[in-house]
Amino acid sequence: MSTDDTPSTRTNSFALQDRLFAGITQCFALLVLITLLAILASLLAGAWQTLSQTGPSFFVSSAWDPVRKLFGGVAPLWGTIATATIALLVGVPVSFGIAIFLTEMCPPVLKRPLGTAVELLAAIPSIIYGMWGLFVFAPLFAETLQPLMINTLGKLPLVGVLFQGTPMGFGVFTAGLILAVMVIPFIASVMRDVFETTPPILKESAYGLGATTWEVVWNVVLPYTKAGVIGGIMLGLGRALGETMAVTFVIGNFNQLDSLSLFQAANSITSALANEFAEAGAGLHQASLIYLGLVLFFITFVVLALSKLLLLRLKKSEIGRASCRERV
């Protein structure tokens, strides 16, 4: 036997390979962190002029006038938060229903085709959604649903201010609905996949005790898969916050916040960047747009951090309940 083939030599070789592999993967992980910090630093450097000159007043002013060098971020910030909120309020229940149907009630012959069709919706380019929203959905919405909502919801106290205005078809509400259509495939696909990880014996036991389908989903499937469900919702929220072209087509691209009506033409951070950044001159205008990008970066980071904390709390509570059952 050659001295190079001794067990100790092979062990040292494997240990060297493991250390090399661990070092390479650690470099990849650090590269992600360095890239994130570099993006943050570049945004801070680009937005520094607005940060130093405008300060906190950027978030309380709705004026956006490049000629007079007046820039306020209230209007695009409101448009971003409102459209993402509408997208989740509409998209999450629909996605939940799709996932329940595909996993619990769908006939086997239709399960695969319908699941594939839902996934294919995610492959449609966002500009196609925007064109469909502008030329098909917005006119239909202005003629039918929007006047109905103005005459009914618009007359309610407090919330009625959100549903007042002229039925033009485009605006925050339309952009939110288009975003809802776009996030449904992502959320529904994730929910369906995590629902299918529920052990069949748990569901069969619940059905054996006389539980209905809704009771099985609510009391068995959701508690078992809540971490994955929250992850799917956060994925959809990330898509809604960062979407650009579809929102640009239907939100109206109006940089003033005259009222809180969801039917008024408005703007979002992404649509403002898409419309103005290429033509913005160096100086306060460009710095203000980069500042909007920094705000969107911060919003996304906060949302992901909160979702992570929520998942950690859920995991901690599950461990606590498990330890209590073991003591009992």
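Me: How many residues does the largest nonpolar core have, and which of them have the most contacts inside it?
Reply: The largest nonpolar core has 67 residues, and those with the most contacts inside it are Phe 173, Met 191, Phe 195 and Ile 233. A nonpolar core here is a set of buried Ala, Val, Leu, Ile, Met, Phe, Trp, Tyr and Cys residues joined through side-chain atoms within 4.5 Å. The model is predicted, with local features requiring pLDDT of at least 70 and side-chain atom pairs counted only at pLDDT 80 or more, while totals for chains, interfaces and linings use all residues. Residues are numbered from 1 along each chain as its sequence is written, and side-chain values use heavy atoms, leaving out hydrogens and water.

Me: Which helix gives the most to this core?
Reply: Helix 7 does, with 13 residues. Helices (H or I, at least four residues) and strands (E, at least two) are DSSP runs, numbered from the N terminus.

Me: Which residues does Phe 195 touch?
Reply: Contact means heavy atoms within 4.5 Å. Leaving aside residues up to four places away in sequence, Phe 195 touches Phe 96, Ala 99, Ile 100, Thr 103, Val 221, Leu 222, Thr 225 and Val 229.

Me: What makes helix 7 and helix 9 roughly antiparallel?
Reply: Helix 7 and helix 9 pack at an angle of about 155°, with their axes 8 Å apart. Angles under 35 degrees count as roughly parallel, over 145 as roughly antiparallel, 65 to 115 as roughly perpendicular and the rest as oblique. The angle therefore places helix 7 roughly antiparallel to helix 9. Axes are lines fitted to C-alpha atoms, for helices over the stretch in contact, and angles run from 0 to 180 degrees between N-to-C directions. Among the contact residues are Met 191 and Phe 195 of helix 7 and Val 221, Leu 222 and Ile 233 of helix 9.

Me: Why are helix 5 and helix 7 called oblique?
Reply: Helix 5 and helix 7 pack at an angle of about 130°, and their axes are 10 Å apart. Helix 5 and helix 7 are therefore oblique to each other. The contact includes Trp 132, Phe 137 and Phe 141 of helix 5, together with Phe 173 of helix 7. Ring pairs link these four residues, Trp 132, Phe 137, Phe 141 and Phe 173, with Phe 163 and Phe 263 into a cluster.

Me: How many aromatic pairs are there?
Reply: The count comes to 14 aromatic pairs. Rings of Phe, Tyr and Trp (its six-membered ring) pair if their centres lie within 6.5 Å; planes under 30 degrees apart count as stacked, over 60 as edge-to-face and the rest as tilted.

Me: Why is the pair of Phe 59 and Tyr 291 called edge-to-face?
Reply: The two rings are 5.6 Å apart centre to centre, with 75° between the planes, and the pair is edge-to-face. Phe 59 lies in the loop between helix 2 (48-53) and strand 1 (64-65) and Tyr 291 in helix 12, so the pair ties together parts 232 residues apart in sequence.

Me: Why is Tyr 291 called buried, and why is Phe 59 called partly exposed?
Reply: Buried means under 20% relative accessible area, exposed over 50%, and partly exposed in between (1.4 Å probe, protein chains only). Tyr 291 is buried because its relative accessible area is 6%. Phe 59 is partly exposed because its value is 35%.

Me: What makes Trp 64 and Phe 71 an edge-to-face pair?
Reply: Trp 64 and Phe 71 are 5.0 Å apart centre to centre, with 80° between the planes. Trp 64 counts as buried at 7% relative accessibility, and Phe 71 is buried at 8%.
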